[in-house]
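Hello,

Here is the structure I promised to pass on to you. Please have a look at it first, and then read on for my notes.

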Number of protein chains: 2
Amino acid sequence: MTADRPLRADAQRNRARILAAAEQVFAERGPAASTQEVATRADVAIGTVFRHFPTKRDLLAAIMKDLRQRLLDKAGTLLADGPPGAALFDYFTFLVESSAKVGTVAGLLAEEGTAIEPDEQIAAFTQTFGTLLDAAREAGTVRPDVRLDEVMALLSAATHGALAGAWSDDLRRRTLALLLDALRPRRS
Amino acid sequence: MTADRPLRADAQRNRARILAAAEQVFAERGPAASTQEVATRADVAIGTVFRHFPTKRDLLAAIMKDLRQRLLDKAGTLLADGPPGAALFDYFTFLVESSAKVGTVAGLLAEEGTAIEPDEQIAAFTQTFGTLLDAAREAGTVRPDVRLDEVMALLSAATHGALAGAWSDDLRRRTLALLLDALRPRRS
DNA sequence: AGGTAAGATGAGTGGCGACTCATTTTTGAA
DNA sequence: TTCAAAAATGAGTCGCCACTCATCTTACCT
């Protein structure tokens, strides 16, 4: 389809700067921040932003995609390292901590106000968690009756809560512990 | 201070209509909905809205206050009816279900984008939950080591999650069950 | 080096939304 | 019934923001 020739060097550079700036700005000021501010932060004229991302929505979508990809990649790392029984818990924790730092993450699973079209990446998230859940179930570290949609719902809740509530590190840790305990099998 | 004489009859009527309309509109369209739309829905000119609430922020604040009061009142009812050990769980559930229906509730504890000044009502919420938590602890229906701030954090999470995620009734019920289980003492 | 297409620039446009105010209508008290 | 104060009205102001486009600049190919 689009056999686009590669971008010119300066265009590539600018595209990257815009994405980086946008991620910062939106994380700080929320998705309502103006495109002008992104342009300024990226040290680029506003027209350039619109050349790369014809719509504000497109810009948001691009950031999200980037972010999701990074978070998705982390899953592989965690799965490779620790014992499979713990990976689910570790990844869950990792995602919640990320969302506490990077504001934008909130729109991870259900895309907040500036909704973006259903993405294959969110399917990938669900699938990843499916795998982690199965592994944990097999290792006996989760209750056998916990379902995937419940895990996703809890994740979404924890994520949004951590973001909106601005919990302290300590509170976040304790709350998360409590929450994850809900998934663990009860000691006979 | 403000020894305001009572509002004229038509003014009272309009104030009430505006509040009702605003609650609907903001629940449907989110806090970004225009004041004009509120006015139209209330069948009132836009100037009238601004006479009663000089600022959009004021209007939002008034709605929130109303809503919080209603939710706060419900606590008394629940506490009077059931056994004290269950009241905490019932109220928690009630609040989450409300937020699933009434969009605006999200800003209950931590006020979302359109932040409003620290309110005595949110202190009242915390206090209410403190009471419920103590009662439940005494009745042995919660783990003795669960702290109040953890309960509030979980509530905020569940509330925001239910709102943003648009969970089905079934999913909400199951997720809530899981979450509340986290608070219950483990069977020896 | 020179040419050209891709890209960058930023003043300008249009629309929308919060808020104002001169004017008209309504209320309630005398 | 009368009338002044209170309230309602809604066209208009102002500022902000997404998005455009005529013009200038730059990368890259020969």
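Which polar backbone atom is 2.9 Å from a phosphate oxygen of DNA strand D? The backbone atom belongs to A:Thr35. Before I go further, please keep in mind that this is a predicted model.

**DNA strand D**

An N or O atom in the side chain of B:Asn14 is 2.5 Å from a phosphate oxygen of DNA strand D, and for the side chain of B:Thr48 the corresponding distance is 2.7 Å. The elements that give two or more residues to the surface near DNA strand D are α1 (9-29) and α3 (46-52) of chain A, together with α1 (9-29) and α3 (46-52) of chain B. The largest share, 5 residues, comes from α3(B).

There are 23 residues around DNA strand D, and those that come nearest are A:Thr35, A:Lys56, B:Arg8, B:Asn14 and B:Thr48. By type, the residues of this surface divide into 9 nonpolar, 7 polar and 7 charged.

**DNA strand C**

For DNA strand C, there are 24 residues around it, and A:Arg8, A:Asn14, A:Thr48, B:Thr35 and B:Lys56 come nearest. Sugar and phosphate make up 70% of the atoms of DNA strand C that come within 4 Å of the protein.

Here are the phosphate contacts I would look at:

- A:Asn14 has a polar side-chain atom 2.5 Å from a phosphate oxygen of DNA strand C.
- A:His52 has a polar side-chain atom 3.5 Å from a phosphate oxygen of DNA strand C.
- B:Thr35 has a backbone N or O atom 2.9 Å from a phosphate oxygen of DNA strand C.

The elements that give two or more residues to the surface near DNA strand C are α1 and α3 of chain A and α1 and α3 of chain B. Here α3(A) gives the largest share, 5 residues. The residues near DNA strand C divide into 9 nonpolar, 7 polar and 8 charged.

**Aromatic rings**

Over all chains, the structure holds 4 aromatic pairs. In one of them, the ring centres of A:Tyr91 and A:Phe94 are 6.2 Å apart and the planes are at 15 degrees, so the pair counts as stacked. Both residues lie in helix α5 (residues 84-101) of chain A, 3 residues apart, or about one turn of the helix. A:Tyr91 is buried, with a relative accessible area of 1%, whereas A:Phe94 is partly exposed at 23%. In chain B, the rings of B:Tyr91 and B:Phe94 also have their centres 6.2 Å apart and their planes at 15 degrees, so this pair is stacked as well. Back in chain A, A:Tyr91, A:Phe94 and A:Phe129 form one aromatic cluster.

Two arginines are worth a look too. The charged end of A:Arg184 sits over the ring of A:Phe89, 4.2 Å from the ring centre. B:Arg184 lies over the face of B:Phe89, at 4.2 Å from the ring centre.

**A loop in chain B**

Is B:Ala166 buried or exposed? B:Ala166 has a relative accessibility of 63%, so it counts as exposed. B:Ala166 is placed in the loop between α7 (148-165) and α8 (169-181) of chain B. The C-alpha atom of B:Ala166 is 9.5 Å from that of B:Lys101, and the two residues are 65 residues apart along the chain.

Definitions and conventions
Residues numbered from 1 in each chain as written. Chains lettered and ligands numbered in written order. Predicted model: local features only at pLDDT ≥ 70, side-chain atom pairs only at ≥ 80, totals over all residues. Heavy atoms only, no water. Near = heavy atom within 4 Å. Polar contact = N/O pair within 3.5 Å; in protein donor to acceptor, adjacent residues only side chain to side chain. Helix = DSSP H or I, 4+ residues; strand = E, 2+ residues; numbered from the N terminus. Nonpolar A, V, L, I, M, F, W, Y, C, P; charged D, E, K, R; others polar. Buried < 20%, exposed > 50% of the residue type's maximum accessible area, 1.4 Å probe, protein only. Phe/Tyr/Trp six-rings, centres within 6.5 Å; stacked < 30°, edge-to-face > 60°. Lys NZ or Arg CZ within 6 Å of the ring centre and 35° of its normal.
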